[in-house]
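Visitor: I am new to this structure. Could you walk me through it?

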Amino acid sequence: MNKTTQGSSPQKRDWSKIIFLTIAGFLLLFGSFCYGILAIRMNLQPWPLMLRGIITVKEVLAPSDKLLQSTRAPSETPIDFPLPDQVAPGLVAVAGDYKTRHTEVKVMDREGRVIHSWKPNWSEIWPGDEGDFSPRPADSIYLHGVMILPDGSLVANFEHYSTFRLDVCGNLMWKLDNLGHHSVNYAPDGTIWASAERRPQEGVLPYPMHAANLRDWTMQNISMDGEILRTIPVIDVLLNSDYEGLLYVSDRANPGDGVWGDTLHLNDIDTFPEDMESEIFETGDVMFSLRNISGIFVMDPDTLALKYVNVGQVMRQHDPDFVEGDWISVFDNRTFSMDAQEPATGSRIIEFNAVTGERRVVIDGADPETEFFSQIMSVHQPLPNGNTLIVVSDDGRLVEYTPDRKLAWRYENQTEEGLLRIYWAEVLPPELDENFFREAELTCNGN
């Protein structure tokens, strides 16, 4: 009897330990779950660090390899002419995926007939181990930042890798391992401005309170021969005009104990044209867009002094353009709504007067009659006849609206794989017509 009682005591003690550990484990998990909810709602650590990691990974890998899901059902044909008499004249150049992660630049007429095209291939332009690049599959590299020069040549970026130029026949003229990305612009002086990135120096903190893996965006002025004439770091421009505070606004930790990652996100560069007049801008002034702080800036490229600053009146915008002298037109993505769980009801094209501060909405994508929304990317083009061409990147379509907001033309990038993303589009000037490209192709064939 005594032996049986003594033999059962350790068993009882073991069960007590198991019950205690089970309850403790449950309370720990429940407490972690509750703290997790509280951390997300009140932005407590480690949620800001986790969020930064998620955003950084998405920026490196974006856009997704999945097919795009349009907010509208695709039409039966990729081209639609609701108002054919009101479409702006000219061929349209389009850069989009013709199959997942294989970008083609097409020049086409308004019926969708391809007049000319380029298919830049990463492996052909950068064969083997050329260039100082981090490893990445060739089929994950796409074009972001495209333009066609007056001679019919193409300048573009392999996103976050290289700025390069192809002649009208598709032959490589030059290439740079400058980590070019997002934007290229033809300046009035015949040079090119491209957004690029400076490689971090190991163990070196580039700026106070900024960790070494900071994405250090720059604006590069490049000659037509591919020589980098000047490199201007965006952060230096902000510091030069005493806008240091803008370098820390995307730091979510409290108190701020360092900033790293993609805090500014340079996504466009534009230059003030020589055929416009303004009270404050001059020919060659450089405008740049910093998406992650919702900021638009215009600087004197010689002194780096900022002439115009607009922060917070747009939301994660793209493609600011000079129009009508003192007016600036912007693709305002409006990525978020007041309810963080849902996207905004629509993006919009909005214009600002840099002198008076006046603003006007040109086209509102939240209007059912002009519905469009793109969470990321997208560009637009104010056209000479008063129309506006809009690239709705997330939907893989182009739309052209009249000044009274009527749809005049629509194109959808329908492929064998479905509706794929469009990165850039532009109505070309009259001199770059079908005859121009036909004659150029004769030289390509050696005739």
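Visitor: What volume does the second largest cavity have?
Guide: This is a predicted model, where local features need pLDDT of at least 70, side-chain atom pairs count only at pLDDT 80 or more, and totals for chains, interfaces and linings use all residues. Residues are numbered from 1 along each chain as its sequence is written, and side-chain values use heavy atoms, with hydrogens and water left out. A cavity is a set of points on a 1 Å grid over the protein atoms alone where a 1.4 Å probe fits but cannot get out; points are joined across faces, edges and corners, and the volume is the space filled by probe spheres set on them. For the second largest cavity that gives about 60 Å³.

Visitor: How many cavities of 30 Å³ or more does a search of the whole structure find?
Guide: Rolling a probe the size of a water molecule over the atoms shows where empty space is left. With the cut-off at 30 Å³ or more, the search finds 2.

Visitor: Which strand gives the most to the lining of the second largest cavity?
Guide: Lining residues have an atom within 4 Å of a cavity point. Strands (E, at least two residues) and helices (H or I, at least four) are DSSP runs, numbered from the N terminus. Strand 2 (92-99) and strand 3 (102-108) each supply at least two lining residues. The most, 5 residues, come from strand 2.

Visitor: Which cysteines does the disulfide join?
Guide: A disulfide here is a pair of cysteine sulfur atoms within 2.5 Å. The structure holds 1. Its S to S distance is 2.0 Å, and it joins Cys-169 to Cys-444.

Visitor: How many residues apart are Cys-169 and Cys-444?
Guide: Cys-169 sits in the loop between strand 7 (162-166) and strand 8 (172-176). Cys-444 belongs to helix 5 (residues 434-444). The pair links distant parts of the chain, 275 residues apart.

Visitor: Which residue in strand 16 does Ile-296 stand opposite?
Guide: Strand 15 (residues 295-299) and strand 16 pair in the antiparallel sense over 5 bridges. Opposite Ile-296 stands Asn-310.

Definitions and conventions:
On a 1 Å grid over the protein atoms alone, a cavity is a set of points where a 1.4 Å probe fits but cannot get out, and a pocket is an open set with protein on both sides within 12 Å along at least five of seven lines; lining residues have an atom within 4 Å of a point. Two strands pair if DSSP finds at least two bridges between them.
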